Amino acid sequence: GGYELTKWVAEKIIRDYVNKYRGFANIYRLGMVSWHSSTGQFNTRDWLYRLVGGIISFGEAPSSNDQIAFNLLPVDCVVKAIVDKGQDNAVVNKTINFWSRQTVPFSLILDCICEVKPTIERKEYQTWASHVTSALAQRQDISSDWLLKKHKDKIAG
């Protein structure tokens, strides 16, 4: 897809620069950057944040199994790791992948949402998607609108 191609092109530009000018540059490939581990602050434009907000505002959540899981990296941990690697003289002109050792099942995220807001009803995915689609036809303020259309395969456990 286009996104992967742009990442490849960006990495190629960096490698060409390093080779041509004998420069120094590391390439950092990140997993899914999430909230701050101690403050809970989150990027409000992130699709997971918007999905959670949409579920809370809508009052229904899709049921999910543990086959869907996210590799979440707290933003403060990512920043610290990049700074540490950047200060390490042994790490020069490297490609570094940052991934969490453990994934977070989508069902756990949904369980936490429902624990904090017990009025949220769990529905089978098709029922939930149908309800969200109907609601969107009537109003446009549900933040999971674009997510439902774009990431249906990821949340349809």
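## Basis

The model is predicted: local features need pLDDT of at least 70, side-chain atom pairs count only at pLDDT 80 or more, and totals for chains, interfaces and linings use all residues. Residues are numbered from 1 along each chain as its sequence is written, and side-chain values use heavy atoms, with hydrogens and water left out.

## Second largest pocket

The second largest pocket has a volume of about 320 Å³. Its lining has 14 residues, and the closest to the centre are Trp35, Phe42, Val52, Ile109 and Ile113. Helix 2 (47-58) and helix 4 (106-116) are the elements that give two or more residues to this lining. Helix 4 gives the most, with five residues. By class, the lining holds 12 nonpolar residues, one polar and one charged.

Some terms apply here. A pocket is an open set of points on a 1 Å grid over the protein atoms alone, where a 1.4 Å probe fits, with protein on both sides within 12 Å along at least five of seven lines; lining residues have an atom within 4 Å of a point. Volume is the space filled by probe spheres set on the points, which are joined across faces, edges and corners. Nonpolar covers Ala, Val, Leu, Ile, Met, Phe, Trp, Tyr, Cys and Pro; charged covers Asp, Glu, Lys and Arg; the others, Gly among them, are polar.

## Helix 1

Helices (DSSP H or I runs, at least four residues) and strands (E runs, at least two) are numbered from the N terminus. Helix 1 takes in residues 2-21, 20 residues that should span 28 Å at 1.5 Å a residue. The expected span is 1.5 Å times one less than the number of residues. Its end C-alpha atoms are 28 Å apart, which agrees. Arg22 follows helix 1, with a positive phi near 50 degrees.

## Salt bridges

The structure holds six salt bridges (a side-chain nitrogen of Lys or Arg within 4 Å of a carboxyl oxygen of Asp or Glu). One of them joins Glu11 and Arg15 at 3.5 Å, N to O. Both residues lie in helix 1, four residues apart, about one turn. Glu11 is buried at 12% relative accessible area, while Arg15 is partly exposed at 37% (buried is under 20%, exposed over 50%, partly exposed in between, with a 1.4 Å probe and protein chains only). Glu11, Arg15 and Arg29 are linked in a salt-bridge network.

Arg122 forms a salt bridge with Asp111, the closest N and O atoms being 2.9 Å apart. Arg122 lies in strand 8 (residues 121-123) and Asp111 in helix 4, so the pair ties together parts 11 residues apart in sequence. Arg122 is partly exposed at 33%, and Asp111 is partly exposed at 39%. Glu121 and Lys123 also meet in a salt bridge, at 3.1 Å, N to O.
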